[in-house]
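Please look through the sequence and the 3D view below before reading on.

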Amino acid sequence: MSQSAHSEGRTTLSDYRAALSAPGSRGPVIASILARLPIAMIGISALLYVQRETGSFAAAGLVSASSLAGVSVGAVVQGRLIDRFGPSRPLLVVAAVFALSMASLAVAIEAHLPTFVLIPLAAATGLSEPMVGSASRALWTKILPEGPARNAALSYEAISMEVFFILGPGIAGLLITAPWAGTGMVVGSITMVTGAVLFALNPTVRAWGSAPKARTPLLGALASPGMRTLALAALGFGMVIGFVEVAVPAAATESGHPSLSGLLLSAWSLSSVAFGVAYSLHPWPRRLGLRLPILLGGFGAFVALLALPSSLWALALLMLLAGAMITPQSTTHSAAIEVVAPRGTAAEAFGWVLTAVTLGLAAGQSVSGYLVEHSGTAAAFLAAGVAGVALAVVVWLLRGTVRAASPVPADGALVGAAG
């Protein structure tokens, strides 16, 4: 593959095979699947659980948003620790804290404690959620040399996450009908902790080791102008999804079929994965600086169309259309990190992207909950579209910053590429 193709993040199917069959990759891949599969499942399960116990989508949205706010902080902190010390020790510690936090939140919800008590508990669960995704993505730079196979591995990370977003909401929608409404949240938490521990203890992961001490600026990877532009695009991406994740369950509830909310949210992930694989083979536009705003703007426009349907079937069909824009954005974010993040900050850079997405999710869910209860679901879908297009315009104006970043100095020298 040419250098041009590499910089654009283009891949082939043989590159995927080479990446996933690389020596030392099988164990971490399997463990990371367990750890990341429940990500969407836990969030939707918790939202539905709180709504079931309190009867309020606004309260559920606030609790979910506080959890996401915790994730936004934990992603960066854990990412920096992983870059510095390797994944094993940080992940084992946060997995234990996460298990305790989730147990406390479940007890508080079951006891019908006030929302102001649930909010800090939810924030603690988000803060301690094991960032296996950041570690898994950065691990490929240790296993594979720079080139097509690594590009494919990074695309796999984004595409597999969308598969988890297909399965997660669907499972959550089914488990919310169990005799105990908290079943999905607890099952998802146990699966995540198990995967995180297995990943942390894997020999390939444990061999990562500590990095040379670097004089990292306060903002770390975000000190790069291109990273800030990428984070802004990720913020818009998360915000649009956040609006939809509250508006869709509300639409399903209004129609008298609340159990279909998870399946509806899975609908757009179906087209996301199908289109995302094809998109990774031939990404467009060719320049990352153009790709970020165009994909975000298109996403916002398609989501605005969700305000039109009067039936759940029509809503599902339009969600399939909007979903085609999800994985292309995720793979573009991943490819952009390789370009704009300073060397030696791979896990932290991914943490900043995750932080931006989760902050967007939190903002979108909070505003969407208010709009759903006061103006209806159509208003929430329209607001999501406006937010996505508006931030796409800003990213377009900053497209020139999406270029190679300067390396981070370490003990007077430049930090070399990982691996």
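**Salt bridges**

This is a predicted model, and in it the structure holds four salt bridges.

| Pair | N to O distance |
|---|---|
| Glutamate 157 and arginine 36 | 3.0 Å |
| Arginine 137 and glutamate 338 | 3.4 Å |
| Glutamate 338 and arginine 150 | 3.7 Å |

Glutamate 157 forms a salt bridge with arginine 36, and their closest N and O atoms are 3.0 Å apart.

The salt bridge between arginine 137 and glutamate 338 has an N to O distance of 3.4 Å. Arginine 137 lies in helix H8 and glutamate 338 in helix H16 (residues 326–340), so this pair ties together parts that are 201 residues apart in sequence. How accessible are the two partners? Arginine 137 is buried, because its relative accessible area is 1%, whereas glutamate 338, with a relative accessible area of 29%, is partly exposed.

Glutamate 338 also meets arginine 150 in a salt bridge, at 3.7 Å from N to O. Because arginine 150 lies in helix H9 and glutamate 338 in helix H16, the pair ties together parts that are 188 residues apart in sequence. Arginine 150 has 8% relative accessibility and therefore counts as buried. Through shared partners, the salt bridges join Arg137, Arg150 and Glu338 into one network.

**Two buried serines**

Serine 66 lies in helix H5 (residues 57–85), and it is buried, because its relative accessible area is 9%. Which backbone oxygen does the side chain of serine 66 reach? The side chain of serine 66 reaches the backbone oxygen of isoleucine 119, at 3.1 Å. Leaving aside neighbours within four places in sequence, serine 66 is in contact with Ile119, Ala122 and Ala123.

Serine 128 sits in the loop between helix H7 (115–127) and helix H8 (132–143), and with a relative accessible area of 5% it is buried. A polar atom of the side chain of serine 128 lies 2.8 Å from the backbone oxygen of alanine 124. If residues up to four places away in sequence are not counted, serine 128 touches Gln78, Val94, Val97, Phe98 and Ser101.

**Backbone features**

Most residues other than glycine have a negative phi, and most peptide bonds are trans. Histidine 112 has a positive phi of about 60 degrees although it is not a glycine. Histidine 112 is placed in the loop between helix H6 (88–110) and H7, and it counts as exposed because its relative accessibility is 53%. The peptide bond from tryptophan 284 to proline 285 is cis, with omega near -5 degrees, and proline 285 lies in the loop between helix H13 (261–281) and H14.

**Helix H14**

**A nonpolar surface patch**

A nonpolar patch on the surface is formed by Trp284, Ile294, Val389, Val393, Val394, Trp396, Leu397 and Leu398, which together have about 720 Å² of accessible area. Which helix gives the most to the nonpolar patch? Helix H18 (residues 377–397) does, with five residues. Valine 393 is placed in helix H18, and it counts as partly exposed because its relative accessibility is 46%.

Methods
Residues numbered from 1 in each chain as written. Predicted model: local features only at pLDDT ≥ 70, side-chain atom pairs only at ≥ 80, totals over all residues. Heavy atoms only, no water. Patch = residues over 30% accessible without salt bridge, like charges linked within 9 Å, V, L, I, M, F, W, Y side chains within 5 Å. Areas by Shrake-Rupley, 256 points an atom, 1.4 Å probe, with all protein chains shown as cover. Salt bridge = Lys/Arg side-chain N within 4 Å of Asp/Glu carboxyl O. Helix = DSSP H or I, 4+ residues; strand = E, 2+ residues; numbered from the N terminus. Buried < 20%, exposed > 50% of the residue type's maximum accessible area, 1.4 Å probe, protein only. Polar contact = N/O pair within 3.5 Å; in protein donor to acceptor, adjacent residues only side chain to side chain. Contact = heavy atoms within 4.5 Å.
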